[in-house]
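Hello,

Here is the structure I said I would pass on.

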Amino acid sequence: MADRTAPACPPAPEDAYLEKRTLRRGSAGPLLLTGLGVAYVVSGDYSGWNFGLAHGGFGGLAAAAALMGVMYTCMVFALAELAAILPTAGGGYGFARRALGPWGGFLTGTAILIEYVLAPAAISIFIGDYVASLHLFGLTSGWPVYLACFAVFIGIHLWGVGEALRFSFVVTGIAVAALLVFAAGAFTHFDAGRLNDIPVDHSALGASSWLPFGVLGIWAAFPFGMWFFLGVEGVPLAAEETKDPARTLPKAMATSMGILLLLALLTFVAAGGAGGADAIKDAGNPLVTALQPDGHATTLSRIVNYAGLAGLVASFFSLIYAGSRQLFALSRAGYLPRFLSLTSRRKAPWLGLLVPGTLGFALAAATGDGARMLNVAVFGATISYALMSLSHIVLRRREPGLARPYRTPGGTVTSTAAFLLACSALVATFLVDTTAAFIALGVYAVAAAYFGFYSRHRLVANAPEEEFAALAAAEAELE
C-alpha cells in the first residue's frame, strides 16, 4: 500500500481533541467479551446458513462450513496477536494501518463498516418477520418494528457500554441455551438418510447424493458457511473498554470461537437429520421447521421460535456496538468526518451510534430485502478478512522484534491459511449474488474517492492508531 507517510495535521490543543473522544475504560472483562463474541454470531445459527443447502447440498455445505471454520479459527488466532499488540478501538483498521499504511487501514475499516452497517439493517428485517410469525402484539413486519429495534437498542448503548454488554450477555445466554435444547430434542428424531435427500443434479461435475450440485457447490456454499461465524472478528473493537486487553482479548476470542464451532456442528447436523436437508433448505426458520415436519407446532418448536428472536436481538445489538466503535476510530483519526467520534458524558460515541443506525433503518424500511443486505455485508467482511490476515503476515516479517504478549500458534502459516480462504470466499460471493457484490464495490469506490481526494490529507497525528504508525516509522529510521 502506498502513501505510508501521509501528512497528518493534529488539531490544537491535542489533549482537548482526544478528551472529547474517549471511551469508558475497563468496562469489559473476559466473560463479557466472550459473550460479545458469541452474540455477534448467534443469530446465524437460527437462520441463513440453511440457504447454502440449495447451493451445495448437505455435503457441500458441510465442507464449506468446515473450511470457513478453519478460516475463522486461523484469523481469530492472528487477530488475537494483533489485538494484544495494538489494543485500540480501531480493531482491524488499526492493525492494517500499522502494517499496510493509511490506504490499507482505510480500505480495511471501510470493509468492516460495510459489514457492520448492513448486517444490523438486515437483522432488523428478520426480527420483524419473527415478530409477525409469532403474532406478538398483533404487529406485522414493517418500518415501525425496524424503528423500534434501532431506537430501543441504540438507547441502551447510549446509556453506557457496561450496561449494554451485560444486556447482550443475558440475551445471548438465552439464545445459546435454546440451541442446546433444540439439539437435544432434534437428535431424538435424527435420521441420517434425511441429510442427503436433495435431488441430484447429474449434469454437475462430481455430483452425488452428498454433493447434489457437484464439487462447485462447495465453493458456492462458502458465504453460507460463514454465517455460523460471521462477526466474531469484532471482539478487538472493544479493546479500549477492556480490562488488561493484552491478556483478556486473546483469551475471550479463543473461547468464543470454540463455543461457536461447537454450536455450528450441533445445529447443522441436528437440523439436517431431524427435518431433512430438502425441507429446510429454503426455510426462513430452519430450526422450527426441523422440529415440526408435519407443520404442527410443539412446545419445543415454540421455545426455539422465541429463542430465535432472542438470538436475532443479541446479534443486532452487538453488531450496532461493533459498527459504532469502528466508525468512532476512523473518525477520531480523521479518515471520516471528525465530529462522528464525539462522545457523550457517559463516554458513548453518540453520533457513531445514531448515524449508522439512521442509515440502517432507512435501508431496512426502503428495501425490506434482508437477504440482499446480508450478501453485501458478507462481501465487505471477506475483503476485511483478507486484509487483516495480510496485516499479520506483513507485521511478522517487517517487525519480527515487536513485543508480542500473545503469539499466534503456527505464526504466518496460520494467517496465510486465513488469507487464502478469505480470498476464495470473496470470489464465491459472486457465485451467489453478483448484484450484492457490485453494490458493495460501488460503495467502496465512493469511499476510496473521498479518502484519496480529501481525508488522507487531514489525518490526526495524535490519534492512537496514527501514533502507533508514527512510532514504528521512527524506530525503522533509527535502525
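Pro223, Asn375, Val378, Phe379, Thr429, Val432, Asp433, Ala436 and Ala437 line the second largest cavity of this predicted model. The volume of that cavity is about 50 Å³. Three helices each contribute two or more residues to its lining: helix 15 (370-398), helix 16 (412-432) and helix 17 (434-453). Helix 15 has the largest share of the lining of the second largest cavity, at 3 residues. By residue class, the lining of the second largest cavity holds 6 nonpolar, 2 polar and 1 charged.

How many cavities of 30 Å³ or more does a search of the whole structure find? The search returns 2.

Which of the helices gives the most to the lining of the largest cavity? That is helix 14, with 5 residues. The lining of the largest cavity splits into 8 nonpolar and 5 polar residues, with no charged ones, whereas the lining of the second largest cavity includes 1 charged residue.

Regards

Key. Residues are numbered from 1 along each chain as its sequence is written. This is a predicted model: local features need pLDDT of at least 70, side-chain atom pairs count only at pLDDT 80 or more; totals for chains, interfaces and linings use all residues. Side-chain values use heavy atoms; hydrogens and water are left out. On a 1 Å grid over the protein atoms alone, a cavity is a set of points where a 1.4 Å probe fits but cannot get out, and a pocket is an open set with protein on both sides within 12 Å along at least five of seven lines; lining residues have an atom within 4 Å of a point. Grid points are joined across faces, edges and corners, and a volume is the space filled by probe spheres set on the points. Helices (H or I, at least four residues) and strands (E, at least two) are DSSP runs, numbered from the N terminus. Ala, Val, Leu, Ile, Met, Phe, Trp, Tyr, Cys and Pro count as nonpolar, Asp, Glu, Lys and Arg as charged, and the others, Gly among them, as polar.
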